[in-house]
Amino acid sequence: MSRAPRLTTRVVRVGERVLGHGHPVLVQSMTNTPTQAAGRTLAQIRRLADAGCELVRVAVPNARAVAVLPKIVKSSPLPVIADIHFDHTLALGAIQAGVAKVRINPGNLGLDRSRLVARAAAKAKVAVRIGVNAGSLPEKLRRTAKTPEALGRLMARTALQYARALESAGLKQIVLSVKASEVHASLAAYRLLSEKCHWPLHLGLTEAGSELAGSIKTAAGLSPLLLEGIGDTLRVSLTSDPVREIRAANLILAATGVRRRGPDIISCPTCGRTASDLAKILQQVEKALDRETRPLTVAIMGCVVNGPGEARHADVGLAGAPDGSFMLFAQGKPLRRVSPAKAVPALLAELKKL
Ligand code: SF4
């Protein structure tokens, strides 16, 4: 698979992970448990890590959340990012608690207080994401943007202004994000940032929606950027279990050729030639491979028209026969015929051997 060229951004360290300068585009998510419920938050972080998440953000809305951060940071398998709004003392507390990065929006903290956070972060070698959202721009300023593209450029200019202010306060480890829920605004914002600065970019759309709608919207918004080499980390924001965000992010990275993580499952749309319940078989295979991180290709095909060809080119595959059974393939070779009931276990057994 051809790879999209990556634009060169600065290196920013987030715990043991590295962002920017051609390093892999990292997949991240955010917990949706009350952070102060440290046990539940850690359990969700572990599930995210198992699914392939590489950085995790937790909301820090109050002092109780700050108080449990040392425990979360200590036990988390992933670098922890503190998400702060309105109160800069929470950011200072999070930095003291040992988080790897803080996410702030100087638009709601104020520039002077953001500079205090920047100085503390620089001293502690903690990265800072400056996150500007379309919804957080001052209404008067926002009204000056007459088109989605103009809104995007306004967000980018605002983020750059904040970043320069914090850089002059001594902060070097800066990541930028400019999130809107509208695709054209996001494209314009990130493209302008990539032209004007070398800070790593965190890609995402905000308030993207349900699992299906949000994944499609995010793919529409982020794929052009990824194909242009823009972006160093991404989050697919879904109104769903955060674990679902990881699979969606991996699929977007794989489809754009930016990074291959987890299996590529090829399946046909089925038609009048399909003699089996292919959708059910596909569902079972997807579920079984939910946590698979190897870059495998799996073909689930309905009949002999395209089935054997695709199954031969995959690492493992099933091609439907007219009697409802399947021919099982592994590494380019037909192995044997299997009944619909045995098709999935047989396929998984072959995958295990690889
Ligand atoms: S592979 Fe066969 S069953 Fe699937 S869509 Fe093509 S012709 Fe129909």
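The model is predicted; local features require pLDDT of at least 70 and side-chain atom pairs pLDDT 80 or more, whereas totals for chains, interfaces and linings draw on all residues. Numbering starts from 1 in each chain and follows the sequence as written.

Helices (H or I, at least four residues) and strands (E, at least two) are DSSP runs, numbered from the N terminus. Although T270 is not a glycine, its phi is positive, at about 70 degrees. T270 has 16 other C-beta atoms within 10 Å and is therefore partly exposed. The scale for this is 20 or more other C-beta atoms within 10 Å for buried, 12 or fewer for exposed, and partly exposed in between, with C-beta atoms placed from the backbone.

F326 belongs to strand 14 (residues 326–330). Because F326 has 30 C-beta neighbours inside 10 Å, it counts as buried. Leaving out residues up to four places away in sequence, F326 touches L318, A319, G320, A321, V338, P340 and A343; contact here requires C-beta atoms, placed from the backbone, within 7 Å. F326 and G302 are 24 residues apart along the chain, and their C-alpha atoms are separated by 8.6 Å.

**Nonpolar cores and the surroundings of V99.** The largest nonpolar core holds 88 residues, of which A82, A94, V99, V102, V128 and M155 touch the most other members. Such a core is a set of buried Ala, Val, Leu, Ile, Met, Phe, Trp, Tyr and Cys residues joined through C-beta atoms within 7 Å. With 8 residues, helix 7 (residues 148–168) contributes the most to this core. Setting aside neighbours within four places in sequence, V99 is in contact with L69, V73, V80, I81, A82, A94 and V126. Apart from this core lies another, of 22 residues, including M327, L328, A330 and V344.

**F86 and its loop.** F86 sits in the loop between strand 5 (80–83) and helix 3 (88–97). The phi of F86 is positive, about 70 degrees, although the residue is not a glycine. F86 counts as exposed because it has 12 C-beta neighbours inside 10 Å.

**R113 and D87.** R113 is part of helix 5 (residues 111–124). It is partly exposed, since 18 other C-beta atoms lie within 10 Å. Along the chain R113 and D87 are 26 residues apart, and 8.7 Å separates their C-alpha atoms.

A67 lies in helix 2 (residues 63–75) and is partly exposed, with 14 C-beta neighbours inside 10 Å. From A67 to G152 the C-alpha distance is 37 Å, for 85 residues in sequence. G135 is in the loop between strand 7 (127–133) and helix 6 (139–142). G135 has 11 C-beta neighbours inside 10 Å, so it counts as exposed.

**Domains and the chain as a whole.** Domain 1 covers 12–255 and domain 2 covers 264–353, with bounds from an automatic or database domain assignment. Their centres, taken over C-alpha atoms, are 38 Å apart. The protein chain contains 13 helices and 15 strands. Its radius of gyration is 23 Å, close to the 20 Å that the globule rule gives for 354 residues, so the chain is as compact as a globular protein of that length. This radius is taken over C-alpha atoms, and the rule is 2.2 Å times the number of residues to the power 0.38. The C-alpha trace spans about 70 × 45 × 30 Å along its principal axes. Of the 354 residues, 47% are buried.

How values were computed: Contact = placed C-beta atoms within 7 Å.
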